[in-house]
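Hi everyone, thanks for letting me take a few minutes today.

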Amino acid sequence: MKEKARTVLFWFILIQPFLDLYWFYHGTLANILPFTLPTIIRILAVATLVCLYFSSQNSWQKLSREKWLLIYIILLVVYSALHLLHVQHFTSVSPNNYGYTASGEIFYLIRMMLPLTVLYLTNELDFSQKQLQLVIEGISGLFSGTIVLSNLFVISLKSYETGTISANIFEWFFNPNIGYSHMASKGFFNFTNMISAVLFMLLPLMLYYLFTSFSWHTVLLNVVQALAMIEIGTKVAAIGLIGGIIIGLILFGLHKYLIKDVKKGGKAFLVAVLIEVGSLVILPFGPAIQRYNYEIYLAKQSDHDLTDEKKELAAGLQKYPRGQKRAEFLRYFIKKNYQEYALNPKFVFKSYPYQYDPEFWLKIMNEPGQARMENRHIEKAMLNQVVKTNNNKLDKFLGISYIRENNIFNLERDFTAQIYSLGWLGMLLFVGPYLAVLIYSAYRWLRYKTSRTYLASSLIVSSSFILLAAFSSGNVVDFLTASFILAFVEGNLLVQVRKKETIQIAH
């Protein structure tokens, strides 16, 4: 049964790119069932894995001996019950309570438990290094190949906004007037930030296979992934590609010349350097740099002369210093002038509608232009206002619920986002294990010489990259495609940092 569970998990992780196709989350396919089809498939797959693994009596006996794990499971159950009781009662300015439903929140908690289950099972099922390589190269090839080919034939979905791109990578060099939103490509996948983070995570492992299994196909896969990371057009992918290759080269040098567990790699080193140089040449023409320049332009525009608007605002507030008339004036003024103040219409009209709390938006409009342009600043400000209105000290520990946070706006900074939705306790229980595995593995790498293998180092760097991307750009650990792949990588990391020592003790 253990072998069957390993096979099911192998294919389950390998098909994650297919489960992230855009059409599963938008249009007819997204509305066939109460929950999206990929989520149902994932729940059924993990349930099957648990049944297969625990069909063996040895698995139950091993679990009963792991007291720390049993305590953790009890804490998860107790926390979940307390969280659901806490978020049921909420004071808000929103007439629909920010769309909160108990069923939606329960479903989210179940979703967050699934990758943690996969992390445990991956560690227990002990994948071979060859199986790990097939999964990593398969995921990279599916994501990157789809992005590159769809960009080439100009059929890719846009990374920003909706619709398909207007130009492929060759046109970037001849037409400087193509807007970044018409260039950036995400293939046929759903969420740009998440794909960027996954590709960033896979980069050190792809370089590891380039150096240890040098062949035409490892070269091709690395080149295609580099192109995909440029074409997707995000800062995480662009900076991650340049910085990631440099770190990969340093890691290779460390293992070749200091730890000395790598024999060859000269050709692969040259290929990696050429990929880095080629990326540096292409990036200035790509969407990431164009978007960066556009954001600088918008920031300058947001600080344009607002003398007339400020005069109108001051006169209105003087005429209506308090009460209902003041609120009515502010609603009129915000609706009329939000564009002049460079406010994101999604925030003003949908996330935290100005009609319900015009005083909040008055405070935002009085901030400097650069602050008004910073999405994460406004996202946090809206969430802080919601927490302030609820005025419950337990929000800090038990959260305001994922459903509410997501319906306001999913804060683009993981860990902080989970503190809002789940509270400090929930963040530590549901997201903390990924960081704990990384810290534990780094400790073993430093403590035990036998854990300092090139593969273990690459897995540590890989896990660090995606957690860094999660904190930097957000929308990673709450998305099952990324969290399942992270769980699989970290499960294999635990195997690698423990395996060598166990073998040595056995001898």
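This is a predicted model: local features need pLDDT of at least 70, side-chain atom pairs count only at pLDDT 80 or more; totals for chains, interfaces and linings use all residues.

Let's start with helix 11, residues 235–258, and helix 24, residues 454–473: their axes come within 11 Å and cross at roughly 160°. An angle over 145 degrees counts as roughly antiparallel, so helix 11 is roughly antiparallel to helix 24. The crossing of helix 11 past helix 24 is right-handed.

So which residues meet in helix 11 and helix 24? On the helix 11 side you'll find Val236, Gly244, Ile247, Gly248, Leu251, Phe252 and His255. Across from them, helix 24 brings in a list including Tyr454, Val461, Phe465 and Ala469, plus serines such as Ser457 and Ser458. Sorted by class, the contact of helix 11 with helix 24 has 8 nonpolar residues, 7 polar ones and no charged ones.

Okay, on to another pair. Helix 6, residues 102–125, packs with helix 22, residues 416–430, at an angle of about 35°, and their axes are 13 Å apart. Helix 6 also passes helix 22 in a right-handed crossing.

The chain's average pLDDT is 92, and 97% of the residues score at least 70. Over residues 501–507, though, the pLDDT is below 50, and that stretch has 4 contacts in the model beyond near neighbours in sequence.

That's it from me, thanks!

How values were computed:
Residues are numbered from 1 along each chain as its sequence is written. Side-chain values use heavy atoms; hydrogens and water are left out. Axes are lines fitted to C-alpha atoms, for helices over the stretch in contact, and angles run from 0 to 180 degrees between N-to-C directions. Helices (H or I, at least four residues) and strands (E, at least two) are DSSP runs, numbered from the N terminus. A crossing is left-handed if the near helix is turned anticlockwise from the far one by less than a right angle, and right-handed if clockwise. Angles under 35 degrees count as roughly parallel, over 145 as roughly antiparallel, 65 to 115 as roughly perpendicular and the rest as oblique. Contact means heavy atoms within 4.5 Å. Ala, Val, Leu, Ile, Met, Phe, Trp, Tyr, Cys and Pro count as nonpolar, Asp, Glu, Lys and Arg as charged, and the others, Gly among them, as polar. pLDDT is the predictor's confidence in each residue, from 0 to 100.
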